[in-house]
Amino acid sequence: MSEHEYVPKSKAAKWFNDRLPLLTLGAHLTDYPTPKNLNYWWTFGGILTFCLITQIVTGIVLAMHYVAHADLAFASVEHIMRDVNYGWLIRYIHSNGASMFFLAVYIHIFRSLFYGSYKSPREVIWIIGLMIYLLMMAAAFMGYVLPWGQMSFWGATVITNLFSAIPLVGDSITTWLWGAYSVDNPTLNRFFSLHYLIPFLILGLVVLHIWALHIPGNNNPVGIDIKKPSKDTVPFHPYITIKDAFALLVFMIIFAGFVFFTPNVLGHSDNYIPANPLVTPAHIVPEWYLLPFYAILRSVPDKLGGVILMFSAIFILFVLPWLDTSKVRSAVFRPIYRQFFWILVIDVLMLGYVGAMPAEGIYLVLARVGTIYYFLHFIVVMPVVGYLEKTDPIPMSISEPVLTGGAEPSLARKGNDKV
Amino acid sequence: MIKSNIKLLVLSFLLLISFRPIHSAEMVDPIKVDWSFKGLTGTFDRASLQRGFQVYKEVCASCHSMQYLSYRNLGEPGGPEFSEQEVKAIAASFEIEDGPDSQGEMFTRPGKPSDKFKSPYPNVQAATAANGGAYPPDMSVLVKARKGGANYIYSVLVGYEDPPPGVTLDDGVYYNKYMAGNKIKMPNNLMDGLVEYADGTESTVDQMAKDVTTFLAWAAEPELEERHKTGVKVIIYLVLLTILVYLSMKKIWSRIDSEV
């Protein structure tokens, strides 16, 4: 944060800034030198901030009308939909907002995987990001329970029952989580409490995530270290702010399309049936963004094994910076890894697909193949490819490839027309 | 660049939507009806909503509750839009339990527009017991609570058939080709001419099924018309703003030698 010293113009501002350097912080954020070659995959950080704020604001309003009680929750949601002014809009923004949040976070994570943003010196940014992602999943899961429909109830039953797989103390832990001997009113109450808490924890982690980002500065599509500030960078404002604003607006158009024209397509119709502990739905499925992990869970015949594997699928990402042995960050210059990256994308999409299907026949086979590949990618492919791969020549600076144009064939690959 | 990114975004959304869970394979796909409320600017057919309410009131309401609706909803914009007098008269035709009064006694009085729709049974258990062990579901959000939505509800209403050979049915169970498992405990209540429509429309089974389904679709999504109208405005606004911001971005980035 030492590009240049910021000196407030007025005496009053200087007095305040000497005591709490908020103006220095503002100046830092405005001037923050950002690589000028960031493509649109880099706009999802800003989009995610928008998603978080949207969820918090709509959530606070919903909480003013929602009643966290097993007998009243479903009716209070209908009350919001029918009697609260624009309640339907606020609720649909909140419920679709969760899906949009996850869509954006998955793009953000895969962007990081493609361009090696998790690698040194950005490991801590990556780990904080994963903690945010974990909290997001917890918040989304508990939020889905609150309307107290059939999928709420049975989803909560399935997920909380996972903890009963823990040897010896599993059942006690599950009872403790429920606050009862089954998913019931105490469960709903505590889920509401935690659902309200978690977004603020996420907000705190987002501050740390951005702070950690501002120490080394942004990675970029070329993946090289750049001098800051230099002719390779632009000040964050107005260059990046306007670009983020444009991308955010495109994102909002799609968001609005869901909210206004097909607000229930990402949900499950069974969740408009009030929770009934005596009737189990034919297929209990989580929301789409949890399906790949659901597929991994169900691919193992043993319950404890499935739970361990499912959690490992997330926790393996925490050690990714040390599993990747490549010295080159960006997959643009990694011809072999780049192909494995896309195979991983397809693998995760396939796991999501089979997660929505019954765990039988071909779907079970696909789930198992997909699960094995998922782990092979991180445990075997990442270290081995990074070690053996012959990478393409890397430019010395961001400006260089722009100046040399198409002379270097490796720089003109698809999806990176700005390199 | 922008174009290919947008394409990718759209593609990811299509993928999302295709991740819909499947249902049991026994039932036939519901009939596709060209509802007036489908599509980006869909609205409800006012006359059909009013007829549908009549079918609900005279046929369905003897077993099915609609506990989340109030009589006043019948007069609100985007719904059947009965006049204020009609809504008052409809509400007043029901005896609503109120109280306790100053003596601690419950009493009944004629309904008011602010009252919720009167339920036919005091509770779920009573409804279940009176209907051969099958609870007639509350219909407030029924269209949203069934895969296939309005098409499915309509299909079940017109999907009663004699069971195919080899299928035996218990007493009080009926064969319906659109129902999951093909067995339904609701008898086929619709027959031609059952309801005498106030507007003189011929009350065929198909007409009544369509009208009452339209009514139920509105009941599940009373905000639909406003949602569609607002949505069109919001999208137009966002598109215009996006164009302006895009042009500003081009202008700002033209100051340096880098492309955006």
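Which residues have the most contacts inside the largest nonpolar core? Let's start there, and keep in mind as we go that this is a predicted model. The answer is A:Ile47, A:Phe101 and A:Ala104, and the core they sit in has 82 residues. If you want one element to look at, pick helix 5 of chain A, which gives the most to this core, with 13 residues. Take A:Ala104 as an example: setting aside neighbours within four places in sequence, its contacts are A:Phe44, A:Ile47, A:Leu48 and A:Cys51. There's another core too, apart from that one, with 39 residues, including B:Phe53, B:Val55, B:Cys60 and B:Leu69. As general background, nonpolar side chains in soluble globular proteins tend to be buried together.

Okay, staying with chain A for a moment, have a look at helix 11, residues 291-298. Eight of its eight residues are buried. That run goes from A:Leu291 and A:Pro292 through A:Phe293, A:Tyr294, A:Ala295, A:Ile296 and A:Leu297 to A:Arg298. So what covers the buried residues of helix 11 of chain A? The cover includes helix 12 (303-315), helix 14 and helix 15 (361-388), again from chain A.

Now, where the two chains meet. Chain A puts 43 residues into the contact and chain B puts in 45. On the chain A side, helix 4 (73-82), helix 5 (87-115), helix 10 (236-261) and helix 14 (335-355) each bring at least two residues. Helix 10 gives the most, with 15 residues. And the make-up of that chain A side? It divides into 30 nonpolar, seven polar and six charged residues.

On to chain B. Its secondary structure comes to seven helices and four strands, and along the sequence you read α-α-α-β-β-α-α-β-β-α-α. Of its 260 residues, 28% are buried. If you take the contacts between residues at least 6 apart in sequence, 59% of them in chain B join residues at least 24 apart.

A few backbone details to click on. There's a cis peptide bond between A:His237 and A:Pro238, with omega about 5 degrees, and A:Pro238 is in helix 10 of chain A. Chain B has a cis peptide bond between B:Gly99 and B:Pro100, also with omega about 5 degrees. B:Pro100 is in the loop between strand 1 (95-98) and strand 2 (107-110).

Then we have positive phi values. A:Tyr86 isn't a glycine, yet its phi is near 55 degrees. You'll find A:Tyr86 in the loop between helix 4 and helix 5 of chain A.

The model scores ipTM 0.91 and pTM 0.91. Chain A averages a pLDDT of 93, with 95% of residues at 70 or above. Chain B has a mean of 91, and 90% of its residues reach 70 or more.

Technical notes: Residues are numbered from 1 along each chain as its sequence is written. Chains are lettered from A and ligands numbered from 1 in the order in which they are written. This is a predicted model: local features need pLDDT of at least 70, side-chain atom pairs count only at pLDDT 80 or more; totals for chains, interfaces and linings use all residues. Two residues are in contact if their C-beta atoms, placed from the backbone, lie within 7 Å. Ala, Val, Leu, Ile, Met, Phe, Trp, Tyr, Cys and Pro count as nonpolar, Asp, Glu, Lys and Arg as charged, and the others, Gly among them, as polar. A residue is buried if 20 or more other C-beta atoms lie within 10 Å of its own, exposed if 12 or fewer, and partly exposed in between; C-beta atoms are placed from the backbone. A nonpolar core is a set of buried Ala, Val, Leu, Ile, Met, Phe, Trp, Tyr and Cys residues joined through C-beta atoms within 7 Å. pLDDT is the predictor's confidence in each residue, from 0 to 100.
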